[in-house]
Amino acid sequence: MLYALVGVLLFFTVPTHAEVNEAALMQKRPAKLLSAYGLFDNPKQQTPTASVLPFAIKVPLFTDYAHKYRFVYIPNGASARFDPEEAFDFPIGSVLVKTFAYPADFRKPEENIRLIETRLLIHQEKGWNAWAYVWNDEQTDAVLKVAGKTIPVDWIDETGVRQKIDYVVPNKNQCKGCHTFNKKFSPIGPKARNLNYEHSFPDGNKNQLEKWAEVGFLTGLPALDTVSSIPAFDDVSAPLDKRARAYLDINCAHCHRLEGPASTSGLFLTYGETNPTTWGHNKRPVAAGRGSGGLSYDIAPGKPEESILIYRLNSVDPGIMMPELGRTTIHAEGVVLLREWINQLK
């Protein structure tokens, strides 16, 4: 993975070629160019400014196999507050940065990388704002696209097969479709269970939660052995149930939870949900439209082919597919995981 972190070893100690433009971040109108915010020393290499910290989450949301590079900025003297279950409480002035990219050949993931878009979540006085920036052909800067954009993308996958898609950059309103918690715009990924694992930094490997606390980005961190963590969905050494639930948590539960946009479905897929019926076990859908495929249960134990969840994840039909946004292809590995999980349910 391309995490070009030159300068992070000297974190908060020396000036760099750029400084984060806090005034630009707080403007009501977004900057036309991503470079106006001063988040990167070297945009093409995704080298962040020294006061911007890279991070990764254990199970990322599937977005048409795009590679993602994540960064966080919190104003000097401020910190996010730890939360054991939900996204951290970030102070005003914070920004979460996520760049979507495709190596030309996935067998060589650090070579010939094409940056597609960078999304910013900026915490302003009136709440969070989301903006998408599309990278130019020279890969030197990215341009604001409020209305979204469709971009042809191709790459060679791990098996040597060329893949082609029309990558969809979401418009401003579509971002709200997923980033809603208790009717307020909110981050999704930066939760304790997603960050509670070791990550490689220039000064060595370190647990990300400890790193955030060390640089002043996080307060209230308890002992790590009391903090929840999740396994990678493809870690075959981890329990199948935990892997499947972690996958559903990041790909589905931002909507499918009591506090989310899909609360009326009664299907709640958060990692900590304990009621089997609520997370779909022999649960009949609230609305049996075309999306149900004529099937009777969200999850039919032992019968993945009769489960609505699999039917919808295994489709690219806009009237059927789930999630409704964020992908144009089927995540084959995710579907295999969930089929295996449902097959062993009783």
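Visitor: What should I know about the numbering and the atoms used?

Guide: Welcome! Residues are numbered from 1 along each chain as its sequence is written, and side-chain values use heavy atoms, with hydrogens and water left out. Since this is a predicted model, local features need pLDDT of at least 70 and side-chain atom pairs count only at pLDDT 80 or more, while totals for chains, interfaces and linings use all residues.

Visitor: How do you know what confidence the predictor has in the chain?

Guide: From pLDDT, the predictor's confidence in each residue, from 0 to 100. The chain averages 91, and 93% of the residues score at least 70. Over residues 1–17, however, pLDDT stays under 50. Where pLDDT is low, the predicted coordinates should not be read in detail.

Visitor: Why is the chain called as compact as a globular protein of its length?

Guide: The secondary structure comes to seven helices and 16 strands; helices (H or I, at least four residues) and strands (E, at least two) are DSSP runs, numbered from the N terminus. The radius of gyration of the chain is 20 Å, close to the 20 Å from the globule rule for 346 residues, so the chain is as compact as a globular protein of that length. That radius is taken over C-alpha atoms, and the rule is 2.2 Å times the number of residues to the power 0.38.

Visitor: What makes strand 3 and strand 9 edge strands?

Guide: Six strands form an open sheet in the order 3-4-6-7-8-9, with antiparallel pairing. Strand 3 (53–55) and strand 9 (142–144) each pair on one side only, and these are the edge strands.

Visitor: How do you know that strand 3 and strand 4 pair?

Guide: Two strands pair if DSSP finds at least two bridges between them. Strand 3 and strand 4 (residues 67–73) have three bridges, in the antiparallel sense, and so they pair. Leu53 has Val72 in strand 4 as its bridge partner.

Visitor: Why is Arg257 called buried?

Guide: Buried means under 20% relative accessible area, exposed over 50%, and partly exposed in between (1.4 Å probe, protein chains only). Arg257 has 9%, so the residue is buried. Arg257 is in the loop between helix 5 (240–251) and helix 6 (308–313). Contact means heavy atoms within 4.5 Å, and among the residues that Arg257 touches are Glu86, Phe181 and Phe268.

Visitor: What makes Arg193 and Glu85 a salt bridge?

Guide: A salt bridge is a side-chain nitrogen of Lys or Arg within 4 Å of a carboxyl oxygen of Asp or Glu. The closest N and O atoms of Arg193 and Glu85 are 3.6 Å apart, so the pair qualifies. The pair links distant parts of the chain, 108 residues apart, with Arg193 in helix 3 (residues 192–195) and Glu85 in the loop between strand 5 (80–81) and strand 6 (95–103). Arg193, at 6%, is buried, whereas Glu85, at 44%, is partly exposed. Glu85, Arg193 and Asp249 are linked in a network of salt bridges.

Visitor: Why is Arg290 called exposed, and what is its salt-bridge partner?

Guide: Arg290 has 52% relative accessibility, so Arg290 counts as exposed. The partner is Asp317, the closest N and O atoms being 2.9 Å apart. Arg290 lies in the loop between helix 5 and helix 6 and Asp317 in the loop between helix 6 and helix 7 (332–343), so the pair ties together parts that are 27 residues apart in sequence. Asp317, at 26%, is partly exposed.

Terms used
Lists of a residue's contacts leave out its neighbours within four places in sequence.
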